[in-house]
Amino acid sequence: MRSWSRLLLSINRSFRVKLILSLSVIILLAFGVTGYLTYRYNLSLFEEEISKQFSSTNEEALAKMDLKVQEVVRISQTVVFNPEIEKVITRINSSEDSDPFNLYYNKKQIEEQIFQIKSDAPYITGMYLYDLKGNPSYFSYTTSAINIPNESVFSTIRSKINDTYGDLVWINMPLSSSVEPSGFRNTIIVARWMKNSALNTYGVLVMAFDESFFSGSLKELTKNGEGEVYLFNKNNELLFSNTPESSVDKRERLKNLSQTQIMDQHLFVQGQSEVTSFKLVSGTSLTAIQSKNRDLFQKIVISGLISILLTSVLIVLSTGNLLRPLKDLLQGLRKVRSGDFDTRIEIRTKDELAYIGESFNAMAEQVGRLIKEVYLTQLSEKEAELKAMQAQLNPHFLHNMFNEIYWKLYLQDEIETAALIAAISEMLKYSLMPVRTLTTVREEFQQIRNYLKVQKELFETDLETIIQADDDVLNGQVMRSLLQPLVENVFMHAFRNKVSHKVLLIKASSRDGFLEIEVTDNGCGMDEVAISQILGFEGSSLPQRSDGRESLGVRSVVRRIELVYGTPYRMEINSVIESGTTMRLVLPFVNNVETGGSVA
């Protein structure tokens, strides 16, 4: 087991061995596919040729059988339309010939007529002339192979010819036999109504034939004992088969066969007689054909293996010089891996491997240079990290200082001033949280209250604020600091020239699976150009502040919604000059927590 593991490990580590094995596998697959396709094509060709030949043989056998069937038709017509037989039977049926001697004499005349006809057809094993009541009253002839048909047999025969008008009906029936071990012998029964020229029915003709009647005509299809033959009458009933042990399902499939088909290692063809409407299905064994194809396939496999061995030897002899540049490249890579970036390899060829060698030399030089640059960059990043940590300490320091001032004012009974300091402290604490951390509508509205508290106390004495939120949206998730730029924009622009009766309405609700937050004021409003600049429509620039700088607050809210949520989430602005503005945020409504109390 260990020796196999070492062998697999050595193969896995050797490009040369893997190349030889890969090419060998490719050649093996190519020869295998070619051999298989050749095998299949050869088999198909054989099957097609044999199908043509066997179909021709099937047609010839069907033609021979038609001649025999026509001979039986001629014999039946000779009996049925024989005027002497018709006259005698008519006389027997009349009451004039009730004398036993006359009856015997009349039957003897029928017998002489029929035996004269039968002498030309020795293959008939039985012939019977029945009256209309089902009795063989006129004539009965049976060989030792079968017994005289009983009433049950005649009843079956009569049911088959009931709907005919004198046509021959061919049936395969087992008749009782004294010579067969099983007590029965498969017999071909041919029957028809006996009608005179006036189409009056005066009897029933029944003839019996041994199955050899058909097997002689079909022997070309069953030679060597490997062929199968199935003959169906015009009612699609099995009339003769040399394989009586075949299954019912197989017979049903062959009965409905309309084209050449392979079944049970046999190639089956079919033919339909236009004269008798008989269908002949015959099959020949494909064992010999497949044996020849297997021999051919084995030869293809052997030749393929020999080709692989020869190709492998040639690859081993030729890969030494071809793979030498790769060997040099491998040694160079090992040196680079050990940290020697000053190593270079010698370019020996002018092909693709030469390009790889040149690329390796350039890579080694560039990697050495990049290592030095990365080292310097890491030093700069460490310095920047220290500065960032220092910058974070300042807001925390201010937050702690505001807390100290709050408690000092609170203890000195400066409640209003302490509340103002607390609001500023809460705003500062809220702003210290990472911007990517989601918050809730409840927390966002609380920060807006803190901001409005500062605005009212310090700047806006005549300000009415209304904050409304449905209970089911208070725990909805939103981005942090999304509303403050909008509210701040109201004081910076909407209320800039408004002295009294300033009204600000902030409302949150859910509709159709969306979270909608509206910030409405009764300020100076804005025109379409300003709205386009804020929403960032194509071709518009950022709005300008009163001091000449670009206004980024509201525009940043629009941009954050685009980056985080995308379509169809957005900000909408509806404004009327000197009447006010409504900024509406349409956001996804995500609420995984049970809702709490209402917002006043």
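**Overview**

The protein contains 15 helices and 17 strands. The model is predicted. Of its 600 residues, 38% count as buried.

**Surface and contacts of the whole protein**

- The accessible surface of the protein is about 35,800 Å², and carbon and sulfur atoms contribute 54% of that area.
- Among the contacts with a separation of 6 or more, 61% join residues 24 or more positions apart.

**The five-stranded sheet**

- An open sheet is built from 5 strands, which follow one another in the order β7-β6-β10-β9-β8 with antiparallel pairing.
- At the edges are β7 (238–241) and β8 (261–263), each of which pairs on one side only.
- From one strand to the next, the twist averages 25 degrees.
- Helix α7 (residues 248–255) lies across β6 (228–232), β7, β8, β9 and β10. The angle of α7 to β6 is about 65 degrees.

**Strand β9 and its two partners**

- Strand β9 (residues 266–272) is mostly covered, with 5 of its 7 residues buried.
- On the β8 side, the antiparallel pairing of β8 and β9 runs over 3 bridges. Ile262 stands opposite Leu267 of β9 in this pairing.
- β8 and β9 form a hairpin that has 2 residues between the strands. In its turn, Asp264 has a positive phi of about 55 degrees.
- On the β10 side, β9 pairs with β10 (residues 279–285) over 7 bridges, again in the antiparallel sense.
- Two residue pairs can be named here: Leu267 has Thr284 in β10 as its bridge partner, and Gly271 stands opposite Leu280 in β10.

**Asn58**

- Asn58 is found in helix α2, which spans residues 15–80.
- Asn58 counts as buried because its relative accessibility is 1%, and the cut-off for buried is under 20%.
- Leaving aside residues up to four places away in sequence, Asn58 touches Leu221, Val269, Gln270, Gly271, Leu280 and Ser282.

**Helices α14 and α15**

- Two packed helices are described by the angle between their axes and the distance between the axes.
- For helix α14 (residues 528–535) and helix α15 (residues 553–564), the angle is about 55 degrees and the axes are 8 Å apart.
- This angle makes α14 oblique to α15.
- The contact brings Gln533, Ile534 and Leu535 of α14 against Val554, Arg555 and Val558 of α15.
- Sorted by class, the contact of α14 with α15 has 4 nonpolar, 1 polar and 1 charged residues.

Methods: Residues numbered from 1 in each chain as written. Predicted model: local features only at pLDDT ≥ 70, side-chain atom pairs only at ≥ 80, totals over all residues. Heavy atoms only, no water. Axes fitted to C-alpha atoms, helices over the stretch in contact; angles between N-to-C directions. Helix = DSSP H or I, 4+ residues; strand = E, 2+ residues; numbered from the N terminus. Parallel < 35°, antiparallel > 145°, perpendicular 65-115°, else oblique. Contact = heavy atoms within 4.5 Å. Nonpolar A, V, L, I, M, F, W, Y, C, P; charged D, E, K, R; others polar. Pairing = 2+ DSSP bridges. Buried < 20%, exposed > 50% of the residue type's maximum accessible area, 1.4 Å probe, protein only. Areas by Shrake-Rupley, 256 points an atom, 1.4 Å probe, with all protein chains shown as cover.
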